Amino acid sequence: MEVCYQLPVLPLDRPVPKHVLSRRGAISFSSSSSLFGAPDPRQLSQRRGAISYDSSDQTALYIRMLDVRVRSRVGFEPERRGSHPYLPIDFRILHSQPDSAGPVSARRIRRLLSFQRYLRSSRLGRGVTPQSPLHILDHDYTGQAKCMLEKVGSWTFDIFLFDRLTNGNSLVNLTFHLFKLYGLIELFQLDMVKLRRFLVMVQEDYHRQNPYHNAVHAADVTQAMHCYLREPKLAKSLTSCDILLGLLAAATHDLDHPGVSQPFLIKTNHYLAALYQNTSVLENHHWRSAVGLLRESGLFSHLPTQDGLDMERQLGSLILATDISRQNEYLSKFREHLDREDLCLANAGHRHFLLQMALKCADICNPCRPWELSKQWSEKVTEEFFHQGDIEKKHKLEVSPLCDSQTNSVGKIQIGFMTYVVEPLFAEWARFSDTRLSQTMLGHLGLNKAGWTGLLQAQAGVAEGTDTPAPAEDAHSKVLPQGSGES
């Protein structure tokens, strides 16, 4: 017999305590939550892991925080926690099937579900079949994935194929492999179970429905970061701690991304915009979410407390550097260092700055990939832009730049992005690290830009009813030198 506990309805006029705001949680919904396709906030009050604010006075409409704790097969009961004495909290069984090995301790790690994770679990609880049903992979698929990991240092690494071969687990498998490849598990005495649990939670907290900002993008950035870490100047200078932080930052740099931009969160009065005072809103959330998962998994619990705090702080510094609104700030500083030739890799501060620049390059390296990969990423990010624009139009908001599908196209957006953002950054990176990989990236960038220009010309010719030469896609059949060598 299944026993259900009815949660009492919380008062709607209770202010949000600061210790609640500092906790990890997913992007949740403001009183204008219909913008995200969510139900009315008062209906959401029955859901866990969400914090919503009235857009008029930034007061919480509700706080629904539900810990999930694995109980013994005997059952469970609601209880209160000292940190939230006024919140009635109940604990539910995480898995329907008890462990055959016997009762599980009631002191297992408490877990605050993100809104993203709750939506997935609630659909399963109602018997709703997931849109992407789980398929058991046979040995052929597993073997192909392992073969791909042998070439994880190649710039032509196809992350889309790898994601299919791993049944959507590219981020977990690739990052775990890199931790073993660099010997980080032994060097930092990491618990392999905790590490895999951490990576699984990271992958879960990326929104699968986002066309671009999802776990596959995180895996792609992590693979690119690996390529940069192996560049001669960095490989001979970086410490194991630098490498650990670089890989962690790459894997978590867009954690729990909502698929909309910071300006969108600001103009819809989202609570995160208020929490972070409209400054690097998403990047701060990604960092805080990553710290929450690190502490929840206990990955660094065996390290001295101060060491763990230092790593969290440096992780935040890396993730915050990916804020595209601060691109010119970081690029100018990088250019000044190169002009003065004063970068000293024996200096911990300079190494950290180079990790920031490497992560920035990895984050926007899609235009520097081979055409068949770059084109897919370009279409995905544009789809996400246009989806935000459609939402803004629907609710009579000012449409954000690049988000209007009527006045923009994939090609126009990409050519502008390559010209004003990507080319300046990678030109400076090539000054710092003038290697085969840097020249390969610049080569792909030039060919991809020519490809989009040709496609735009062809489309313009069709629209005008005139004959136009075929787009320059054939140029991509040229043989380019391969990127960094295979590991």
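A quick definition before the notes: a residue is buried when its relative accessible area is under 20%, exposed when that area is over 50%, and partly exposed in between. Keep in mind, too, that this is a predicted model.

1. Start with Ser261, where that definition is needed. Its relative accessible area is 23%, so Ser261 goes down as partly exposed. You'll find Ser261 in the loop that runs between α11 (240-252) and α12 (262-267). Setting aside neighbours within four places in sequence, Ser261 is in contact with Leu282 and Gln388. Have a look at Phe385 as well: 124 residues separate Ser261 and Phe385 in sequence, yet their C-alpha atoms are 8.7 Å apart in space.

2. Ser280 is another loop serine to check, this one between α13 (271-275) and α14 (281-297). Its relative accessibility is 5%, which is under 20%, so Ser280 counts as buried. What does the side chain of Ser280 make a polar contact with? The partner is the side chain of Asp323, at 2.7 Å. Beyond four places in sequence, the contacts of Ser280 are Gln262, Leu320, Asp323 and Arg326.

3. Now the aromatics. A search through the whole structure turns up 10 aromatic pairs. One to inspect is Trp371 with Trp452: the ring centres are 5.2 Å apart and the planes meet at 55°, which falls between the 30 and 60 degree limits, so this pair is tilted. It ties together distant parts of the chain, with Trp371 in helix α18 (residues 371-394) and Trp452 in helix α20 (residues 436-464), 81 residues apart. Are these two tryptophans buried or exposed? Trp371 is buried, at 8% relative accessible area, and Trp452 is buried as well, at 5%.

4. Still on rings, there is a cluster to bring up on screen. Trp155, Tyr228, Phe334, Phe353, Trp429 and Phe432 are linked into it by ring pairs.

5. Two arginines sit over aromatic rings. The charged end of Arg196 is over the ring of Phe176, 4.3 Å from the ring centre. Arg288 has its charged end over the ring of Trp287, and there the distance to the centre is 4.1 Å.

6. Last, two backbone angles. Asn269 is not a glycine but has a positive phi, near 55°. Asn269 belongs to the loop between α12 and α13, and its relative accessible area of 34% lies between 20% and 50%, so it is partly exposed. Glu341 is not a glycine either, and its phi is also positive, at about 55°. That residue is in the loop between α16 (327-340) and α17 (348-363). With 72% relative accessibility, over the 50% limit, Glu341 counts as exposed.

Key:
Residues are numbered from 1 along each chain as its sequence is written. This is a predicted model: local features need pLDDT of at least 70, side-chain atom pairs count only at pLDDT 80 or more; totals for chains, interfaces and linings use all residues. Side-chain values use heavy atoms; hydrogens and water are left out. Rings of Phe, Tyr and Trp (its six-membered ring) pair if their centres lie within 6.5 Å; planes under 30 degrees apart count as stacked, over 60 as edge-to-face and the rest as tilted. Helices (H or I, at least four residues) and strands (E, at least two) are DSSP runs, numbered from the N terminus. Buried means under 20% relative accessible area, exposed over 50%, partly exposed in between (1.4 Å probe, protein chains only). A charge sits over a ring if NZ of Lys or CZ of Arg is within 6 Å of the ring centre and within 35 degrees of the ring normal. A polar contact is a pair of N or O atoms within 3.5 Å; within protein, one must be able to donate a hydrogen and the other to accept it, and residues adjacent in sequence count only if both atoms are side-chain atoms. Contact means heavy atoms within 4.5 Å.
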